[in-house]
Amino acid sequence: MRMKLTMLGAGHALATRCYNACFALEEEDDAAAPSGVADDSGRVFLVDAGGGSGILSQLERAGIAYGRAHDLFLTHTHIDHLLGAVWMLRVICYGMECGTYEGELHVWGNDEVISAADELVHMLLRPSESRFIGERVFLHAVRSGERACVMGRETTFFDVKSKGSARQFGFVMEYESGKRFACSGDEPLVQENYSFVEGAQWLVHEAYCLAADEAHYNPHPIHHGTVAEACATAERLGIENLVLYHTEDDDLPHRKQRYTEEGSRFFSGNLHVPDDLETFAL
């Protein structure tokens, strides 16, 4: 099956004009449903879920049936990444209860975020829903460098070495023979992790703002970086396709143009500055 990337959200934690940063990797067959129509073909791997029930609307708008999601990766415990996952667990466990969700859900993340997800689910879901934890919903606390089979594809998790308040992991997946897709979470990729993503065909990387706007947004004290920095790192690592997300949302009509103009001075590969729900064939 071919693979598709759907950016469910591209915004930072306090974004109001777009959804928080999260995305889906989808398997599609050649007869996939038209855009906007719920597609039941192939599995879906969700990476974070934003900060609330808006994840359900984003999936609906993207034409992604929630019943296709059988893997969910949580980068860290910040609310703009974790709380939407509680809603995903709610709708999936309810689907299990009603007999409308088939199979299992596997949730991946470091021990800190998995523990938080487990606690929230048992605190906020009805017992008839939370009973599926450990029965059909499996929470996997992974270590840095650990490999797992996600969507039938070898996936390696790595510690982002976060300088913030929460432990954060990224991952790299071999989505086809010899081809790799990587996500470095919502902090700049550090040199210790270059070996995980070097030469990858795709890298999803945060870019809080333009370097030209650094004085206004001041990203470094909140452990984020600029478009120029992200692009320079991707160029150094020989990335083919760079996707920038977790951005400010003050000027969405011009964000793509402005970010592309700055980034192309530092990155010679394919630079993508996605709007919410934009898709890319891998």
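The chain has eight helices and 14 strands, where helices (H or I, at least four residues) and strands (E, at least two) are DSSP runs numbered from the N terminus. This is a predicted model, so local features need pLDDT of at least 70 and side-chain atom pairs count only at pLDDT 80 or more, while totals for chains, interfaces and linings use all residues. Residues are numbered from 1 along each chain as its sequence is written, and side-chain values use heavy atoms, with hydrogens and water left out.

**Overall build**
- Buried residues make up 55% of the 282 (buried means under 20% relative accessible area, exposed over 50%, partly exposed in between, with a 1.4 Å probe and protein chains only).
- Of the contacts with a separation of 6 or more, 66% come from residues 24 or more positions apart (contact means heavy atoms within 4.5 Å).

**The open sheet**
- Seven strands line up as β7-β8-β9-β10-β11-β12-β13 in an open sheet with mixed pairing; two strands pair if DSSP finds at least two bridges between them.
- At the edges sit β7 (147-150) and β13 (270-272), each pairing on one side only.
- Strands β11 (residues 202-206) and β12 (residues 241-245) run parallel and are joined by five bridges, with H205 opposite L244 in β12.
- Helix α7 (residues 227-236) packs on the sheet, touching β11, β12 and β13, and its direction makes about 155° with that of β12; axes are lines fitted to C-alpha atoms, for helices over the stretch in contact, and angles run from 0 to 180 degrees between N-to-C directions.

**Helix α1**
- I55, Q58 and L59 are buried in α1 (residues 54-62).
- Seen down the axis of α1, its buried residues fall within an arc of 100°, so they line one face; the arc is that of the directions from the helix axis to the C-beta atoms.
- Those buried residues pack against β1 (2-9), β2 (22-28), β3 (44-47) and α2 (79-98), whereas E60 and R61 are exposed on the other side of α1.
- G63 follows α1 and has a positive phi, near 75°.

**Q168**
- Q168 lies in the loop between β8 (153-159) and β9 (169-176) and counts as buried, at 1% relative accessibility.
- Its side chain reaches the backbone nitrogen of D186 at 2.6 Å.
- Beyond its neighbours within four places in sequence, Q168 has contacts including T75, H76, N110 and F158.

Note on methods
Polar contact = N/O pair within 3.5 Å; in protein donor to acceptor, adjacent residues only side chain to side chain.
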